Amino acid sequence: RSVAGVVLIGCIDRADLAGKVDLLMQAVRITVSGGTVAVLSMDQASWDASLSHTARDLAAGRPFHPETWAFLLDRLGVAEPVWHRPEVGTVHAVVATVDR
C-alpha cells in the first residue's frame, strides 16, 4: 500500500489539468517518507513539433513545463524538487524526495 518511489511518464503529458494534478497527488500519497517521486515530461517544443495543428488543438492536454511540475510538487509538500534538463533527447526530469 506504499512504495519507495514513483515515476510518472507518458500519461502525464497527455492528461488534462485535473488528471495531471490527481496523478501527482496519488503518487505523493503512496510514496513513503524518504521515497522519491520523479516526473519525466516531454519538452513542450518537441511535443508541439511532433503533432499536427489539429492533433495539438484536440489533445486533452499537453506537457507541463518542468517549473510547473516543481511548483506542484512543492505545493504538495515534497522537499526541494530538482529539475534535470536533458543533455540528449526531449525528456525533462523533475525529481523530489517525499519528506513527511
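Analyst: The turns below take up helices, strands, aromatic rings and single residues.

User: On what basis are the values computed?

Analyst: This is a predicted model, in which local features need pLDDT of at least 70 and side-chain atom pairs count only at pLDDT 80 or more, while totals for chains, interfaces and linings use all residues. Residues are numbered from 1 along each chain as its sequence is written, and side-chain values use heavy atoms, with hydrogens and water left out.

User: How many residues does helix α2 have, and what span does α2 reach?

Analyst: Helices (H or I, at least four residues) and strands (E, at least two) are DSSP runs, numbered from the N terminus. The expected span of a helix is 1.5 Å times one less than its number of residues. Helix α2 covers residues 17–30, has 14 residues, and reaches 20 Å from its first C-alpha to its last, close to the 20 Å expected.

User: Which residues of α2 are buried, and why do they line one face of the helix?

Analyst: An α-helix has 3.6 residues a turn, so residues three or four places apart point the same way. Burial is read from relative accessible area: buried means under 20%, exposed over 50%, and partly exposed in between (1.4 Å probe, protein chains only). In α2 the buried residues are Lys20, Leu24, Ala27 and Val28. Seen down the axis of α2, these residues fall within an arc of 95°, so they line one face of the helix; the arc is that of the directions from the helix axis to the C-beta atoms. Ala18 and Arg29, on the other side of α2, are exposed.

User: What do the buried residues of α2 pack against?

Analyst: Contact means heavy atoms within 4.5 Å. The buried residues of α2 pack against β1 (3–9), α1 (11–14), β2 (31–42) and α5 (66–75).

User: Which residues of α5 are buried, and which are exposed on the face turned away?

Analyst: Pro66, Trp69, Ala70, Leu72 and Leu73 are buried in α5. They fall within an arc of 165° when seen down the axis of α5, so they line one face of the helix. Glu67 and Arg75 are exposed on the face of α5 turned away from its buried side. The partners of the buried residues of α5 are α1, α2, β2, β3 and β4. Just after α5, Gly77 takes a positive phi of about 85°.

User: How should I read the pairing of the strands?

Analyst: Two strands pair if DSSP finds at least two bridges between them. β2 and strand β4 (residues 91–97) run antiparallel and are joined by 7 bridges, with Val37 opposite Ala96 in β4. Strand β3 (residues 79–84) also pairs with β4 in the antiparallel sense, over 4 bridges. There, Val82 has Val95 in β4 as its bridge partner, and His84 stands opposite Ala93 in β4. β3 and β4 form a hairpin with 6 residues between them, and Gly89 in the turn has a positive phi of about 95°.

User: Which residue has a positive phi although it is not a glycine?

Analyst: Most residues other than glycine have a negative phi, and most peptide bonds are trans. Glu80 has a positive phi of about 40°. Glu80 lies in strand β3 and is exposed, with a relative accessible area of 68%.

User: How many aromatic pairs are there?

Analyst: Rings of Phe, Tyr and Trp (its six-membered ring) pair if their centres lie within 6.5 Å; planes under 30 degrees apart count as stacked, over 60 as edge-to-face and the rest as tilted. By this rule there is 1 aromatic pair. The rings of Phe64 and Trp69 have their centres 5.0 Å apart and their planes at 50°, so the pair is tilted. Phe64 counts as buried at 16% relative accessibility, and Trp69 is buried at 0%.

User: Which charged residues lie over the face of a ring?

Analyst: A charge sits over a ring if NZ of Lys or CZ of Arg is within 6 Å of the ring centre and within 35 degrees of the ring normal. Lys20 lies over the face of Phe64, at 5.0 Å from the ring centre. Arg85 lies over the face of Trp83, at 3.7 Å from the ring centre.

User: Where does His65 lie, and which residues is His65 in contact with beyond its sequence neighbours?

Analyst: His65 lies in the loop between α4 (53–58) and α5, and counts as partly exposed at 28% relative accessibility. Leaving aside neighbours within four places in sequence, His65 is in contact with Gln44 and Trp83. His65 and Gln44 are 21 residues apart in sequence and 6.9 Å apart in space, C-alpha to C-alpha.
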